[in-house]
Amino acid sequence: MSGTPLTTVAVFCGSNFGVSPAYAEAAAALGRALAARGIGLVYGGTAKGLMGIVADAVLDAGGTVTGVINQRLHDRGHLHPRLTAHEVAATMRDRKARMAALADAFIALPGGLGTLEELLEVATLTQLGDHAKACGVLDTRGFYEPLRALLARSTDEGFMKPEHRDMLVFDADPDALLDALAAWQAPTVTKWIGQPGS
């Protein structure tokens with residue numbers, strides 16, 4: 001039994017390119033895979049770094065892209081010029097909330113602080129049951145292996161249940177990642193360990 005059909009996926013990723021061309025290649029491959037499946041892309045709305053590459057790949061393959069950009073970046077002229085649709089959010093917090101509302105699932109590509117924060121926020125909302133949406137990472141060049149290790153450490157140290165450790169989907173192949181997100185089931189356990197809670 002699968003979860004909600006994927007019609008839109010929010011992608012979080014770097015506004016820089018990274019040191020290896022493999023990052024850009026993976027971003028483009030994900031964009032093509034989304035378009036091939038008829039899954040719309042929701043992302044941060046700029047043409048910078050991997051963000052621009054994934055958006056361009058979806059658009060070039062005939063897919064749809066909705067950008068949600070915050071007012072400050074919009075005012076600086078950072079809006080991607082070819083988007084299917086875009087929205088301007090007042091703040092970064094508003095931008096993230098709107099992206100989450102528009103998406104059926106989330107994928108993080110490699111990136112910096114913003115990417116990591118966005119991924120962990122939507123995963124936390126899934127853990128808390130505020131939404132029941134799959135979260136995954138495109139693990140290019142093993143970028144997210146330290147995060148996988150940190151989640152394991154958190155579980156080993158008694159701060160997280162195994163079901164929540166295993167909630168994030170890790171895969172280096174875009175199609176395999178999308179298949180896993182489509183089949184994903186939300187955990188049914190509470191977050192608390194050894195104490196009352198529901």
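# Close-up views of a predicted model

**View 1. Strand β1 and its parallel neighbours.** Strand β1 pairs with strand β2 (residues 40–43) in the parallel sense over three bridges; helices (H or I, at least four residues) and strands (E, at least two) are DSSP runs, numbered from the N terminus, and two strands pair if DSSP finds at least two bridges between them. This is a predicted model, in which local features need pLDDT of at least 70 and side-chain atom pairs count only at pLDDT 80 or more, while totals for chains, interfaces and linings use all residues. Residues are numbered from 1 along each chain as its sequence is written, and side-chain values use heavy atoms, with hydrogens and water left out. The bridge partner of A10 in β2 is V42. From β1 the chain crosses through helix α1 (residues 21–36) to β2, and this β-α-β crossover is right-handed; the term applies if, with the strands pointing away from the viewer, the path from the first strand over the helix to the second runs clockwise. Strand β1 also pairs with β5, in the parallel sense and over four bridges, and here A10 stands opposite F106.

**View 2. The two faces of β1.** In a regular strand the side chains alternate between the two faces of the sheet. On one side of β1 lie T8, A10 and F12, on the other V9 and V11, and all are buried; buried means under 20% relative accessible area, exposed over 50%, and partly exposed in between (1.4 Å probe, protein chains only). Five of the five residues of β1 are thus covered.

**View 3. S20 in the loop between β1 and α1.** Residue S20 has its place in the loop between β1 and α1. S20 counts as buried, at 14% relative accessibility. A polar atom of the S20 side chain lies 3.0 Å from the backbone nitrogen of A22.

View 4. Strands β5 and β6 run parallel and are joined by four bridges. A105 has A134 as its bridge partner in β6. The chain passes from β5 through α5 to β6 in a β-α-β crossover that is right-handed.

**View 5. Helix α5 and the elements around it.** Helix α5 (residues 113–128) has 16 residues and reaches 22 Å from its first C-alpha to its last. This is close to the 22 Å expected at 1.5 Å a residue, where the expected span is 1.5 Å times one less than the number of residues. The buried residues of α5 are T115, E118, L119, V122, A123, T126 and Q127. They pack against β1 (8–12), α4 (92–102), β5 (105–108), β6 (134–138), α6 (145–156) and α7 (162–165); contact means heavy atoms within 4.5 Å. Just after the helix, G129 takes a positive phi of about 80°.

**View 6. Loops on either side of α5.** P110 lies in the loop between β5 and α5. P110 is buried, with a relative accessible area of 6%. Not counting residues up to four places away in sequence, P110 touches C13, G14, Y23, L50, T115, L138, T140, F143 and Y144. In the loop between α5 and β6 is H131, which counts as buried at 14% relative accessibility. With residues up to four places away in sequence again left out, H131 touches F106, V122, L125 and T126.

**View 7. R141 in the loop between β6 and α6.** Most residues other than glycine have a negative phi, and most peptide bonds are trans. R141, a residue other than glycine, has a positive phi, near 55°. R141 is found in the loop between β6 and α6 and counts as exposed, at 54% relative accessibility.

**View 8. Cysteines C13 and C135.** The structure holds zero disulfides, a disulfide being a pair of cysteine sulfur atoms within 2.5 Å. C13 is in no disulfide, and the nearest cysteine sulfur, that of C135, is 15 Å away. C135 is likewise in no disulfide. C13 is buried, with a relative accessible area of 7%, and C135 counts as buried at 2% relative accessibility.

Key. Polar contact = N/O pair within 3.5 Å; in protein donor to acceptor, adjacent residues only side chain to side chain.
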